[in-house]
Amino acid sequence: MKHTISVLVENEFGVLARVSGLFSGRGFNIESLSVAPTLDPSISRMTIVTRGDDQVLEQVTKQLNKLIDTIKVIDFTGYDFVERELALVKVNAEDETRAEVLRIVDIFRGKVVDVTPKSYTIEITGAPAKVNAILDLLQPMGIKELVRSGPVVIGRGPKGWKSS
Amino acid sequence: MKPTGSQILLECLKQEGVDTIFGYPGGAVINIYNDLFDSDIHHVLTRHEQAAVHAADGYSRASGKAGVVIATSGPGATNTVTGLATAYMDSIPLVVITGQVPTPLIGNDAFQEADMIGISRPITKHNYLVRDVRDLARTVKQAFYIARTGRPGPVLIDLPKDVQIDTTNFIYPEKVELAGYKPTYGANHRQIDKAVKMILSAQKPVVYVGGGAVLADAAAELKDFAEMVQAPVTTTLMAKSAFPTPHPLCLGLLGMHGTYYANMAVTNSDLLIAVGARFDDRVTGRIATFAPHAKIIHIDIDPTSIKKNVRVDLPIVGNLRDVLQGLIARLASSGGELSKTVENTAPWRDEISAWKASHPMSYTPSKTVIKPQFVIEKIRELTAEDAIISTEVGQHQMWTAQFFDFYQPRTFLTSGGLGTMGFGLPAALGAQVAYPDRQVIDISGDGSFQMNSQELATLVQYRLPVKIAILNNNFLGMVRQWQEMFFDRRYSQTCMELPIDFVKLAEAYGAVGMRAEKTDEVEPLIRKALETPGPVIMEFKVSREENVLPMVPPAAGLNEMVLAS
Ligand SMILES: Cc1ncc(C[n+]2csc(CCOP(=O)(O)OP(=O)(O)O)c2C)c(N)n1
């Protein structure tokens with residue numbers, strides 16, 4: 001089963017290697033990982049998407065918690081949360097397909113962020129499923145390059161992570 | 001004048017109560033060694049950095065204090081790797097300080113540069129690269145705190161040469177503040193109440209003790225608890241010294257080379273109380289048939305140990321001493337219920353006594369050829385109860401666990417988790433440094449001994465009277481045993497073709513060497529060796545193809561033992 005986990009870590013030297021090394025060393029699966037500092041620059045937040053049964057996930061959370069630099073681990077499974085991913089897509093846009101590409105982008109409320117006579121570069125945000133859906137539609141036009149950020153998540157409701 | 005980084009380091013060590021360091025100098029730590037020259041900290045120069053770490057580890061296992069190591073950058077640092085991994089697997093508190101190339105050169109493949117932070121990450125509890133001398137004191141403080149608290153473990157501090165030379169004001173922080181590390185858990189009362197209920201209703205309880213009981217110095221509480229409940233106690237290799245072997249409730253070792261009665265007791269139990277143990281595969285055998293009828297209570301300081309390998313019915317995270325004290329207090333106030341339980345479990349103890357009587361630990365004695373088990377029994381007979389025993393890894397290690405009676409915690413030093421050949425001699429060295437007046441004996445095989453035999457020089461130089469018993473079968477015996485049992489006796493690369501003259505080897509180092517070749521020479525030789533001052537090698541030419549039994553074959557269930565004939 002897929003789990004999305006937020007890990008709040010001290011923004012120390014080598015902390016990303018500790019977390020990724022933990023996953024590879026213990027044979028845990030990592031589907032995506034994104035990381036950036038929080039409002040407090042001494043703390044970084046990682047969002048990790050991983051897969052495994054309950055026993056594996058229990059180990060993943062415990063092992064993450066055991067790292068000295070880890071301040072908090074939140075497994076969002078079973079909680080209400082907002083999930084968003086950013087994708088940048090460079091897609092073929094020659095005469096006959098230019099209009100079609102724009103129509104698709106419009107439907108998905110994406111944005112064209114770079115234009116050439118032969119291509120559009122599109123910015124799209126949303127839940128990973130939405131990103132997948134637009135990619136499926138753009139595929140026939142010819143996708144030249146794709147960058148996905150991996151999802152980031154935040155819990156719904158008034159409380160921040162410190163009180164959750 | 002403001003102190004330099006290396007002066008600050010030594011001052012921090014003193015503040016942490018460190019009076020002994022094991023190490024080996026080199027270019028990237030030469031400043032530290034220069035300041036050490038004027039310091040009253042005792043430095044033991046081993047002959048290899050691996051041995052320095054094992055020595056600090058043995059020092060720590062025997063004394064309970066954190067062990068401290070200094071090694072230079074590059075090859076000095078990489079030589080510490082096996083020592084770190086050994087300590088990490090057995091949760092031994094160490095602080096290992098490695099020199100590093102100057103910060104501006106880091107990443108340039110500079111002379112004697114190795115990425116020790118990367119290399120040591122999975123084999124340390126935590127590690128630090130100190131890039132600014134102003135962070136040094138805080139880092140050392142944190143390193144000791146992390147090494148000693150919670151589930152202990154080795155911490156590495158990588159210290160670039162320029163940071164050792166830079167100066168700053170020295171302030172030793174009084175407190176450690178780590179947002180992500182809160183290692184102290186009080187025993188949870190609700191969990192303790194539940195455990196007491198389970199204990200009081202058990203018919204066939206077994207206490208399964210691991211190395212955590214030694215690390216937490218919980219032997220006294222463990223004994224009180226077991227006696228109170230009259231529950232039989234089986235120990236892992238790491239916990240051999242946590243519960244007195246001759247105690248009527250003691251079942252000895254469980255697992256692959258466990259006693260018949262310990263493995264039968266676990267297999268038939270209805271309540272398994274795991275105390276500071278981690279259900280290692282050498283202990284459980286095939287998981288599916290491990291303690292199939294038992295409810296499991298698992299007490300451990302480290303949440304990751306719980307439910308890692310086996311299902312657990314009641315987890316209790318906490319310091320073992322606190323938890324055991326909590327259990328004892330609750331049981332004490334349970335009045336008549338406890339005595340009823342003790343009565344109810346009497347048939348269970350009888351059943352175990354019957355197993356003990358039908359299948360005691362045994363070997364076939366010989367009046368002529370020396371049996372290794374006999375040597376081990378004789379060493380026990382002739383040494384003091386508080387003698388400290390270390391082992392290497394192999395058959396001799398298992399026979400020691402099976403046939404040597406332990407009375408006191410921290411008297412058995414062995415590499416359990418990693419199984420490191422070459423551990424025993426330097427570990428004995430470190431233990432002897434901690435306790436100059438106690439008997440310290442390394443029980444070794446001829447193969448393992450040669451992995452760190454250079455430490456004879458250290459023993460002689462520092463007049464450390466460690467006695468080394470080499471059970472010489474001229475084989476890598478444990479591997480040979482597997483080849484005999486599972487590979488048609490095809491002894492591929494396990495016969496040590498070149499016989500070593502260990503007596504001469506001892507003499508070359510300025511130590512004393514003795515050899516016994518027949519059974520009746522064993523006792524006089526041990527007596528003589530124990531009376532001889534300074535380090536002594538006792539070489540015993542033992543029966544070559546002796547096997548360690550009982551044995552649970554790999555991936556078999558605990559009750560599927562191959563027994564001694
Ligand atoms: C560093 C290391 N290398 C290899 C092994 C694998 N191994 C385990 S036991 C053993 C044989 C040990 O032989 P010896 O020290 O002579 O002891 P014996 O089994 O004969 O008592 C070997 C090679 C190990 N445990 N450690």
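**View 1. Chain B and chain A bury about 1,600 Å² between them.** Carbon and sulfur atoms give 52% of that area. Buried area here is the accessible area (1.4 Å probe) that two parts lose on being put together, summed over both. On the chain B side, B:Arg121, B:His126 and B:Thr304 lose the most area to chain A, together 32% of what that side buries. Count residues instead, and 21 from chain B are in contact (heavy atoms within 4.5 Å) with 17 from chain A.

A quick note for every view: this is a predicted model, where local features need pLDDT of at least 70, side-chain atom pairs count only at pLDDT 80 or more, and totals for chains, interfaces and linings use all residues. Residues are numbered from 1 along each chain as its sequence is written, chains are lettered from A and ligands numbered from 1 in the order in which they are written, and side-chain values use heavy atoms, leaving out hydrogens and water.

**View 2. The second largest pocket holds about 1,100 Å³ of space.** A pocket is an open set of points on a 1 Å grid over the protein atoms alone, where a 1.4 Å probe fits, with protein on both sides within 12 Å along at least five of seven lines; lining residues have an atom within 4 Å of a point. The volume is the space filled by probe spheres set on the points. Of the 38 lining residues, A:Arg26, A:Gln63, A:Lys66, B:Tyr88 and B:Thr304 are the closest to the centre of this pocket. Helices H1 (15-25) and H2 (54-66) of chain A and helix H5 (81-89) of chain B each supply at least two lining residues; H1(A) gives the largest share, six. Helices (H or I, at least four residues) and strands (E, at least two) are DSSP runs, numbered from the N terminus.

**View 3. Helix H3 (residues 49-63) of chain B meets H5(B), with axes within 7 Å and crossing at roughly 25°.** That makes the two helices roughly parallel (angles under 35 degrees). The axes are lines fitted to C-alpha atoms over the stretch in contact, with angles from 0 to 180 degrees between N-to-C directions. Among the residues making the contact are B:His54 and B:Arg61 of H3(B) and B:Leu84 and B:Thr86 of H5(B).

View 4. Most residues other than glycine have a negative phi, and most peptide bonds are trans.

How values were computed:
Angles under 35 degrees count as roughly parallel, over 145 as roughly antiparallel, 65 to 115 as roughly perpendicular and the rest as oblique.
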